[in-house]
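Here is a friendly walk through one model, written for someone who likes to know the cut-offs behind each term. Please keep the viewer open while you read.

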Amino acid sequence: MPRSLPNIIITGTPGTGKTSHAELLKSHIPELVHYNIGSLVKSENLYEKYDEEWDSYIVDEDKLIDYLEPLVENGGCILDWHSCEVFPKRWIDLVAVLRTDHAILWDRLEARGYSLRKIEENNEAEIMEVVLAEARDSYDSEIIVELQSENDADFALNVDRIVEWIQNWK
Ligand SMILES: Nc1ncnc2c1ncn2[C@@H]1O[C@H](COP(=O)(O)OP(=O)(O)OP(=O)(O)O)[C@@H](O)[C@H]1O
């Protein structure tokens with residue numbers, strides 16, 4: 001069945017602004033459904049275990065995909081997660097990869113009370129472009145867009161660009 005709205009991944013290193021972007025995008029196009037995958041994994045028990053050392057949940061990818069499969073069928077889903085390779089190519093119409101200067105990202109993660117180890121780990125991932133590389137390995141380059149997310153102006157502009165892209169897609 002053809003999708004009436006596109007399915008969009010908003011991805012990026014933690015703290016780059018995925019959830020903020022997803023919420024603003026949804027406020028422009030209320031028919032979209034925002035799935036914060038990190039929250040969903042916890043609320044729907046879609047994990048194998050909790051890793052105390054890293055203070056994170058180990059996702060059960062099969063359970064996650066089975067859970068999302070019927071939801072993405074009709075389109076209009078925003079998938080908000082720091083990882084994207086798990087989502088099958090056939091589901092996805094656009095992959096927005098948010099990027100943030102590492103010094104700005106450091107301050108954001110510090111403000112959240114992250115441990116030094118977690119801040120360093122995420123900062124290094126952003127510098128090494130880990131999420132962007134994962135997107136490029138998983139999807140066709142034509143559907144990937146890299147967006148700077150460093151200030152309020154970027155934020156508004158990025159969402160406007162995605163809104164415009166959705167209107168054209170339709
Ligand atoms: N472009 C931006 N300009 C200014 N502040 C921003 C921008 N993007 C994000 N922020 C701020 O950075 C913080 C983290 O944003 P947000 O929670 O949306 O990130 P995230 O990528 O969804 O994080 P996580 O992966 O941990 O859920 C928030 O305080 C948010 O207001």
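The text below goes from confidence to the sheet, then to the hairpin, some single residues and the ligand shell.

**Confidence and conventions**

This is a predicted model, in which local features need pLDDT of at least 70, side-chain atom pairs count only at pLDDT 80 or more, and totals for chains, interfaces and linings use all residues. Residues are numbered from 1 along each chain as its sequence is written. The average pLDDT of the chain is 96, and 99% of the residues score at least 70; pLDDT is the predictor's confidence in each residue, from 0 to 100. For the model, ipTM is 0.97 and pTM is 0.96.

**The sheet**

Helices (H or I, at least four residues) and strands (E, at least two) are DSSP runs, numbered from the N terminus. Two strands pair if DSSP finds at least two bridges between them. With that in hand, look for an open sheet of 5 strands with parallel pairing, in the order S2-S5-S1-S6-S7. Strand S2 (33-36) and strand S7 (144-148) are its edge strands, each pairing on one side only. On average, neighbouring strands of this sheet are turned by 20 degrees against each other, direction ignored.

Tyr35 has Leu79 in S5 as its bridge partner. Helix H6 (residues 130-138) packs on the sheet and touches strand S1 (8-12), strand S6 (94-99) and S7. The direction of H6 makes about 165 degrees with that of S6, where axes are lines fitted to C-alpha atoms, for helices over the stretch in contact, and angles run from 0 to 180 degrees between N-to-C directions.

**The hairpin**

Strand S3 (residues 47-51) and strand S4 (residues 56-59) pair in the antiparallel sense over 4 bridges. Within this pair, Tyr50 has Tyr57 in S4 as its bridge partner. The hairpin of S3 and S4 has 4 residues between the strands, and Asp55 in the turn has a positive phi of about 50 degrees.

A residue is buried if 20 or more other C-beta atoms lie within 10 Å of its own, exposed if 12 or fewer, and partly exposed in between, with C-beta atoms placed from the backbone.

| Residue | C-beta neighbours within 10 Å | Class |
|---|---|---|
| Trp81 | 22 | buried |
| Glu129 | 15 | partly exposed |
| Asn45 | 10 | exposed |

Trp81 lies in the loop between S5 and S6. Leaving aside neighbours within four places in sequence, Trp81 is in contact with Thr11, Ile37 and Gly38; contact means that the C-beta atoms, placed from the backbone, lie within 7 Å. Leu147 belongs to strand S7, and its contacts, with the neighbours within four places again left aside, include Ala96, Val97 and Asn158.

Asn45 sits in the loop between helix H2 (37-43) and S3, and its phi is positive, near 55 degrees. Glu129, in the loop between helix H5 (116-127) and H6, has a positive phi of about 60 degrees although it is not a glycine.

**Around the ligand**

Which residues come nearest to the ligand? Of the 17 residues around it, they are Pro14, Gly17, Lys18, Thr19 and Ser20, where near means a C-beta atom, placed from the backbone, within 6 Å. Helix H1 (18-28) and helix H7 (152-169) each supply at least two residues of this shell.

Terms used:
Two residues are in contact if their C-beta atoms, placed from the backbone, lie within 7 Å.
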